[in-house]
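Please read them with the structure open.

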Amino acid sequence: MRQKISTVWLFAFFATFGFSPQLLTAGWPWNKVDPVSGYQKHSPEYDAYYATIPPGSTRTYHHGMACPPYERPCGPERLYWQQYHAVKYWPYPYNIQDRAMVYDSFDLQAAAGWKSATTLYDYHFNSETQELNSAGKEQVKWIMSNAPSKFRQAYVAASLEKGINDARLSSVQNELAYVANGNIPVVLRVASPTGRSAIEVDSYQKSYLENMPIPHITNSAPAASGP
């Protein structure tokens with residue numbers, strides 16, 4: 001008897017609400033378009049849209065207060081199976097992204113270090129002729145023999161005068177052609193040496209040695225003891 005009553009109630013419900021012209025016009029419950037994404041539910045575009053949302057709970061506002069009170073993304077949440085996937089494989093893929101960022105930072109630092117090491121500064125050139133001096137020629141040989149292939153490039157610290165830059169570039173290119181027929185690129189860059197020139201360091205060292213005080217060791221006779 002109860003089963004018959006339940007069947008009658010279900011039939012009355014669908015006859016009254018399920019097949020009403022108003023609901024059929026609105027499209028419920030057969031409308032499968034997601035109102036948030038605008039895509040058909042369970043379509044590839046629908047899944048891809050929700051997959052781009054960060055995992056975890058999103059921030060909502062109740063009675064003027066944020067829940068949770070700490071920083072969280074706002075908007076819709078991922079689908080349930082996507083949240084399960086994020087929990088199961090956590091912290092992938094974010095750990096891979098973090099490692100890539102660290103490796104990229106190391107690569108940038110290494111590239112900047114090699115750029116500084118392969119730069120020819122003012123003290124590598126003769127101040128009058130702008131030709132490479134002995135230190136500059138040794139620096140060019142070191143670049144050709146020690147710098148890795150991907151960092152094997154000569155840089156010249158740019159001057160404010162174009163004539164000086166042209167003369168220095170020509171001198172470096174001639175030296176490269178002389179040293180093992182080197183054909184690496186030679187470019188200008190705005191840079192200044194991070195340390196001190198050898199002449200300056202040598203002068204400081206000589207001044208220190210010349211002005212060093214003479215050590216004095218007092219020689220006092222021990223006090224006599226005994227009868």
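1. Strands β3 and β4 run parallel and are joined by 2 bridges; strands count as paired if DSSP finds at least two bridges between them. The bridge partner of L120 in β4 is V156. Strands here are DSSP runs of E with at least two residues, and helices are runs of H or I with at least four, numbered from the N terminus.

2. The model is predicted: local features need pLDDT of at least 70 and side-chain atom pairs pLDDT 80 or more, while totals for chains, interfaces and linings use all residues. Residues are numbered from 1 along each chain as its sequence is written, and side-chain values use heavy atoms, leaving out hydrogens and water.

3. β4 also runs parallel to β5, with 4 bridges between them. Here A157 stands opposite R189 of β5.

4. In β4, A154 and V156 point one way, Y155 and A157 the other, and all are buried (under 20% relative accessible area; exposed is over 50%, partly exposed in between, with a 1.4 Å probe and protein chains only).

5. Which residues of α7 are buried? They are I164, N165, R168, L169, S171, V172, E175 and L176. Seen down the axis of α7, the buried residues fall within an arc of 160° (taken from the directions from the helix axis to the C-beta atoms), so they line one face of the helix. On the other side, K162, G163, N174 and Y178 are exposed.

6. The cover over the buried residues of α7 includes β3 (119-120), α6 (134-146), β4 (154-157) and β5 (186-189), with contact meaning heavy atoms within 4.5 Å.
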